[in-house]
Amino acid sequence: LTFSKEKKRLNLRLLRWSTPHRLVFSPEEQTIRFPPTLIGRQIPPKYIAPVIGIDEDGRNLKTLADGGDFSVDLAPESPPLVDTATPPKFEIATLTRRSEIVGFLGGERTQLLVRALGRGGRVPVPTSLFKVNVMTGKKTEIGQEFASGKFGSDWQGQMRLGYFQTSHSAERQFQVLGSPASRFNEPWLGALAHHFKVSPKDYFGERAYPLGFDFDPAILYIASNVGRDTFGIYSLNLKTKQRLSVAFEDSTIDLAPLEPTYPAPQLIFDESRGQLVGVRTLESKPVSLWSDPFFVTLQRELEQKFPERTLEILEWDDLRTVFLIRVTGGTEPGRYFVFKKAENLALEILRRAPWLQAAEMHSTKFFEFDTNDGVHLSGYITLPKSARLNPPPAVICFAEGFPLQPQVEFDRQAQVLASMGLMVIRVNHRGVSGLGRKHRDAILGGIDRVPLEDAIATLNWIGARWPIDRRRVATLGSGFGGYLAVRAMQLRPDLFRCAVIFNAPLDPEAWLRPTVSADLGASVDFAQEVTRAFLERAGTAGAPVSVLDHPETITHPVFQIVDAGRADAIATANLQLRGRLRRLGKNSDYIEVNEDYGNELPEARTRVYERLEEFFNLNLYDYGVKLGPLKVIEVFK
């Protein structure tokens, strides 16, 4: 905040009652990076992440911990934290470590577990686990690990899970620390054992990984899609060596993501009773699956109170009489309620984005259908309250990220585009994760053509139910979705009028090319290797084509948005496309955005969307009228 001209949105990473009378909260971590000194000394960044406690009556306000509490001393001979051709020698007395909130210690809610993250290198810094007393702020280190990776703890506060990785290896491995089955290679695991190793080639294949421990320290919950299309959740008994199936399987959605986090947000525990009561998938639309009949009934009752919206039961008291619930939806950013079961009363206590009035929101509906070829597609359609044309123009949005992420239920950008008079269609085309391997891997039949086929099928299906001006349809996407958006317009200029792309990898081959030769000892970019391995499975016929190969086929305007600080293959390819389009005399808009846009500051975002609205006015609405020769009809004196 100190260095911001405009207030940056500050989210909370923790807001929970530790006891009935003590509230604990913590804002997201902020990083302050210092410029090099005049002598070239690189000062390590400082991390600010206070953990604060306060009593229910507003008293005993106390900062329980901050970034400096998790610092570690370094030797005077420590190397610099940045690589340079001739690294200067200097001393670093201490190094602050980033921190993660783990949760409360099982059975001792006055003790909060906080993990201080280490790093590898010639002088490794350990990852340490602390317990912090929420009354006094006393901090006690209860464990540490020097290996690089992610670590998970059990309810007793012991770091027992390791997800190990090194910068010079393309393989990752899960371990149970201090256990006979430390590498998941015990004979009793059978064929499941080798699925706990992760390489770029099998990252999107059949895999298994640990999620976290039960209150019984011998029970380990795992996510696995071995022998099935979607990820289910199972249990391993490390003591009796039994693999038990947990009643958490769904044939249509993955109950766990590809990349684990610790603690696992999918697992829902009743801490007062010491048992797992359900799981929650965190994909586009949160889905709660309960094993406890009490919550099955409660979920059904509450959903009747909030029809056509998503309801999540977040927390409850020990007697299961008072509940904290969250309600979201296509036009609902999120509202929090306290539900009192005895009184059958839901009291609203908090709103996300309270400045967004429901009366001003554009209607958003979920859709799903099967194509003539048997492909199941889903997504969201946002209808403008006041269209400028009837029927309205439309913009079809491709999924973003890699792996491609499913469309979210409430989308702010869709609301902004709808305010421009556009019908916004966000489709979960083939290639999107979270819907099983079959749906995701189907994109390998043609990396750029398969999503296009799904986009066209969606337009046809929606066009049969809602009026659309098919002469005025734009494409939009961010990241790899931006590549798909411009390729769709390139392949079918008869269907799409213009394209809007954010940081799009327009030249996939250059995007996935290692920046430094591996034989020089370069570190391995695991995410890049995973992406390359997946795309290579498409073979020559389905491989993605560079947009730059045939810029002359781009016959309609492109609006390019690129981060100003980028100096990679994405920035290079976007500049090259801009130059080639200009030389061909093509209409194109190109803007660079600074970090304020990435931080979602209103002023920076407003400037970009004002330019975007101008782009649509000129190239999608096309209000221009061609005038014939001027004629003087009458002269007034």
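These legends accompany several close-up views of one predicted model.

Residues are numbered from 1 along each chain as its sequence is written, and side-chain values use heavy atoms, with hydrogens and water left out. Because the model is predicted, local features need pLDDT of at least 70 and side-chain atom pairs count only at pLDDT 80 or more, while totals for chains, interfaces and linings use all residues.

**View 1**
Helices (H or I, at least four residues) and strands (E, at least two) are DSSP runs, numbered from the N terminus. The protein has 637 residues, and 48% of them count as buried. Buried means under 20% relative accessible area, exposed means over 50%, and partly exposed lies in between (1.4 Å probe, protein chains only). The accessible surface comes to about 31,600 Å². Carbon and sulfur atoms hold 52% of that surface. Areas come from the Shrake-Rupley method with a 1.4 Å probe; for residues, only the protein chains shown count as cover. A contact means heavy atoms within 4.5 Å. Of the contacts with a separation of 6 or more, 55% are between residues 24 or more positions apart.

**View 1. Strands E1, E2, E5 and E6 form an open sheet.**
The order is E1-E2-E5-E6, and the pairing is antiparallel. Strand E1 (12–19) and strand E6 (62–65) stand at the edges. Each has a single partner strand, so one side of each is left without a neighbour in the sheet. From one strand to the next, the twist averages 25°. Axes are lines fitted to C-alpha atoms, for helices over the stretch in contact, and angles run from 0 to 180 degrees between N-to-C directions. Two strands pair if DSSP finds at least two bridges between them. Strand E5 (residues 51–55) and E6 are joined by three bridges. Glycine 53 has lysine 62 in E6 as its bridge partner.

Six bridges connect strand E11 (residues 127–133) with E12. Lysine 131 has threonine 140 in E12 as its bridge partner.

**View 2. Glutamate 271 and arginine 109 form a salt bridge.**
Side chains of opposite charge can pair when their charged atoms come close. A salt bridge is a side-chain nitrogen of Lys or Arg within 4 Å of a carboxyl oxygen of Asp or Glu. By this rule the protein has 35 salt bridges. In the pair shown, the closest N and O atoms are 2.8 Å apart. The two residues are 162 residues apart and link distant parts of the chain. Glutamate 271 sits in the loop between strand E21 (267–270) and E22, while arginine 109 is in strand E10 (residues 108–116). Glutamate 271 is partly exposed, at 26% relative accessible area. Arginine 109 is also partly exposed, at 26%. Both belong to a network of salt bridges that links Arg16, Arg109, Glu271 and Glu315.

**View 3. Arginine 320 meets aspartate 292 in a salt bridge.**
The N to O distance is 3.0 Å. Arginine 320 lies in the loop between strand E24 (310–316) and strand E25 (322–329). Aspartate 292 lies in the loop between E23 and helix H1 (293–305), so the pair ties together parts that are 28 residues apart in sequence. Arginine 320 is buried, with a relative accessible area of 7%. Aspartate 292 also counts as buried, at 13%.

**View 4. Arginine 430 and aspartate 454 meet in a salt bridge.**
N and O are 2.8 Å apart. Arginine 430 is in the loop between strand E31 (423–427) and helix H3 (437–441). Aspartate 454 is in helix H4 (residues 449–463). The pair links distant parts of the chain, 24 residues apart. Both residues are buried.

**View 5. Proline 286 lies in a loop between two strands.**
These are strand E22 (275–281) and strand E23 (287–290). Leaving out residues up to four places away in sequence, proline 286 touches Thr281, Thr310, Glu312 and Glu409. The C-alpha atoms of proline 286 and leucine 311 are separated by 8.3 Å. Along the chain, these two are 25 residues apart.
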